[in-house]
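User: I'm new to this structure and would like a close look at one part of it. Could you walk me through a charged pairing and what surrounds it?

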Amino acid sequence: MTGTPDPNSRTALQDRRARHLLVWSGPLLFLFARPAFAVVAQGLVAAICAARGSASAWRDAGAWFSVYGTLIDAGCLALLWWLTRKEGLSLRDLIGFERRKLGRDILLGFALIPPGLLFILGGIAASSLLIFGRVEGPQLSEPLPFVAALYAVLVWPLIWGFTEQMGYNGYLVPRLQVLAGRTWVALAVVAFVWSFQHAVMPLTFDPAFMLHRALSSIPNALFMIMVYLRLRRLLPLAIAHWLMDGASTLSAF
């Protein structure tokens with residue numbers, strides 16, 4: 001890709017907007033697609049739990065989030081494939097992979113982990129203190145069968161980290177920036193939706209816990225979006241996201 005213009009750059013997006021290849025309908029459709037897919041996926045697992053005789057099927061389904069989360073990713077990737085194809089792009093174009101920058105991107109991904117953890121843990125502590133009156137808020141973690149736990153630690157975080165970064169940073173942020181004509185609009189809207197999705201992942205119907213999950217995610221969402229706007233490179237963020245989610249899932253077990 002050396003010497004090839006970035007098809008996801010602001011200039012390229014402005015050109016596609018002028019040619020009516022980039023319109024509002026795409027980003028608006030994707031905006032709440034991920035939370036919607038999350039509820040649908042949990043519903044499918046809940047149906048399976050109910051069929052197996054569970055008296056609390058919806059709650060039991062939530063414990064499998066780090067397994068059925070891949071269904072959410074599958075839905076998002078399919079939608080992203082369709083939306084980018086309408087622009088004449090591929091999913092690879094959202095990542096912007098360049099072989100000559102691979103080593104640098106990997107190192108940068110590791111470098112983003114400490115500040116990322118700071119924003120994640122800080123957001124959790126602040127939200128817990130605000131809602132529950134203590135620094136450590138409630139957590140949802142139940143043991144999974146060995147094979148499922150292995151999948152949740154080794155496979156799910158990789159797919160999740162890349163898909164989430166491709167959807168919110170790679171697709172939504174640059175397009176809303178161009179369509180709205182204001183960077184702060186893209187930053188605010190995507191950070192809100194990115195944070196909101198955690199309220200339904202899994203969906204517990206507990207207002208306090210759902211608010212905690214949404215609020216605690218705001219600092220890290222803002223951080224990741226601002227890093228992307230500065231770098232305009234997705235791979236370092238996806239690597240950091242993958243490794244932090246993997247470590248978080250492992251610690252939950």
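Asp 105 and Arg 233 form a salt bridge, with their closest N and O atoms 2.6 Å apart. That term is used for a side-chain nitrogen of Lys or Arg within 4 Å of a carboxyl oxygen of Asp or Glu. This is a predicted model, where local features need pLDDT of at least 70 and side-chain atom pairs count only at pLDDT 80 or more, while totals for chains, interfaces and linings use all residues. Residues are numbered from 1 along each chain as its sequence is written, and side-chain values use heavy atoms, leaving out hydrogens and water.

So where do the two partners sit? Asp 105 belongs to helix H7 (residues 102-111), and Arg 233 lies in the loop between helix H13 (218-231) and helix H14 (235-252), so the pair links distant parts of the chain, 128 residues apart. Helices here are DSSP runs of H or I with at least four residues, numbered from the N terminus.

Asp 105 counts as buried because its relative accessibility is 2%, and Arg 233 is buried too, because its relative accessible area is 13%. Buried means under 20% relative accessible area, exposed means over 50%, and partly exposed is in between (1.4 Å probe, protein chains only).

By the same rule, the count comes to nine salt bridges.

Notes
Helix = DSSP H or I, 4+ residues; strand = E, 2+ residues; numbered from the N terminus.
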